[in-house]
Amino acid sequence: MLHYCGCIMEPIEQGRRAEITALQEQLLLNHIDKAWRNVSFYRKRWEAAGIRQDAIRTIGDLRKLPVVTKADFSEDLRQHPPFGTYQGKARPARIHASSGITGEPRPVFCTRSDCEHIARLSARRLRAQGVTPKDLLQITLPYTLYIGGTIAIEGAIALGAGVIPTGTGAMTPSQRQIEIARTWKPTVLCSTPSYALRLAEVAEEMNLDPRCDFQFRMVYVTAEVLTPEMRSAIESRWNCRVYDNYGSVEAAASTYECERQNGWHINEDSYVFEVLDPESGAPLPDGEYGVLVVTSLFREASPFFRYKVGDIVALWDAPCPCGRTFRRMSAVRGRADEMLKLRGISIYPTAIERALRTFPELGMQWFLVLDRSSSSQQITVQVESANPLGAEQKNDLAGRVSDHLKQQIGVRPAVAIFDPGTLISTESAEGRVKTSRIIDRTAALASQQSPGSDAK
Ligand SMILES: [Zn+2]
């Protein structure tokens, strides 16, 4: 059932390194020239850093420009509401916003040309994953400020395929989504990883078998970190291949998995990716994990120059067996701003997710509850069991999970096992694009509560 696709590549995807670098340099110099004239947010920063435009001649010179962060954009927005000066002078055809879990939405303008460019990158991504004009995509990602749904919809249309834009479970209830999938026979499911699993559960509750009662031949996922365990859980539940797609509003449709699924190819004709040491900010060599910094090469509005995305990744340029020469990015190890320092140890929620997924007795929902108010810095992992368990079984399982987490992340958390379906309401699982796994009670601990007593 799982098979490699026979996909078509654009010439630049297989370009020689020198060719790709020359193209990047040409685009970068043009991009910087426009930004210098039209985007005061950057020009002021660069001039303040003592940089002259003629000092930037090669891709390597990009490193002379200062890194910009979310905080820089927030400050610009505060000083220049409602859109800031970082958009430049181009008028938007569409306004998206950062898809962060917390904070005010940060607007990002896209001109018509930007929208078309992003749609082409998205079509390239789908093509690499075997989608053809014959396919019909059920897109359960929302068409909202969040750009991921728009990218999937417009990429599919640019490719010549058909779309059923059902949106999330909050927009089209999950049972209805399943009825549509059953009767309209879409061949590709586009979803977050957690919602792909939720839909499989709903299909089973409706006495359908996701493995054989549908026409899906692949699942396109995005918006959440896809762990290997989550990928194989979705593949076995739906009996089809899962392709992961990494991006953000600042790095829209920037990467894609090819049929070899050994890293995420970077669309190097549209973006430059760099990896920096999280503490010193120094560039890191290929293969080393650090903070991702992205530069766009095409945007008319809201260009990004050395924007610190914050995900922890590694890059490498070894040839891929698929024939593409675009450099590749590793799976995201975590986020620099989600990295928790507990008792001197760096912990990423994704490492916890990976450890939990090795227990078939556990369900998919979990949270990490932090209390750093005391010197002991308590952490509790709240996780659902796959099936209802008695108190003794829960204790036994909690002990084994805690031992395993100690081995994997170096810190022993308390573990609280919850009955299936009790840790998060169905509505919130379906309505949200991203799930934050961390509940920080450090600030809100007026009265001590037992772990998980308010988890719903
Ligand atoms: Zn490849």
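Here are some notes on the fold and on a few of its helices.

1. Ground rules. This is a predicted model, where local features need pLDDT of at least 70 and side-chain atom pairs count only at pLDDT 80 or more, while totals for chains, interfaces and linings use all residues. Residue numbers run from 1 along each chain as its sequence is written.

2. The overall picture. The protein chain has 11 helices and 21 strands (DSSP runs numbered from the N terminus: H or I of at least four residues for helices, E of at least two for strands). Of its 456 residues, 43% are buried (20 or more other C-beta atoms within 10 Å of the residue's own; exposed is 12 or fewer, partly exposed is in between, and C-beta atoms are placed from the backbone). Take the contacts with a separation of 6 or more: 68% of them join residues 24 or more positions apart (a contact is two C-beta atoms, placed from the backbone, within 7 Å).

3. Helix H2, residues 40–48. Phe41, Tyr42 and Trp46 are the buried residues here. Looking down the H2 axis, they fall within an arc of 115 degrees, so they line one face of the helix (the arc is taken over directions from the helix axis to the C-beta atoms). Turned away from that buried side are the exposed Lys44 and Ala48. The cover over the buried residues of H2 includes helix H1 (17–38) and helix H3 (70–79). After H2 comes glycine 50, with a positive phi near 75 degrees.

4. H4 against H5. The axes of H4 (residues 112–128) and H5 (residues 147–159) come within 7 Å and cross at roughly 75 degrees (axes are lines fitted to C-alpha atoms, for helices over the stretch in contact, with angles from 0 to 180 degrees between N-to-C directions). The two helices are therefore roughly perpendicular (65 to 115 degrees; under 35 is roughly parallel, over 145 roughly antiparallel, the rest oblique). Among the residues that meet are Arg120, Arg125 and Arg127 of H4 and Glu154 of H5. The contact residues divide into 10 nonpolar, 2 polar and 4 charged (nonpolar: Ala, Val, Leu, Ile, Met, Phe, Trp, Tyr, Cys and Pro; charged: Asp, Glu, Lys and Arg; polar: the others, Gly among them).

5. H9 against H10. For H9 (residues 349–356) and H10 (residues 391–409), the axes come within 10 Å and cross at roughly 135 degrees, which makes H9 oblique to H10. Ala351, Ile352, Ala355 and Leu356 of H9 make the contact with Val401, His404, Leu405, Gln408 and Ile409 of H10. By class, that contact has 7 nonpolar residues, 2 polar and no charged.
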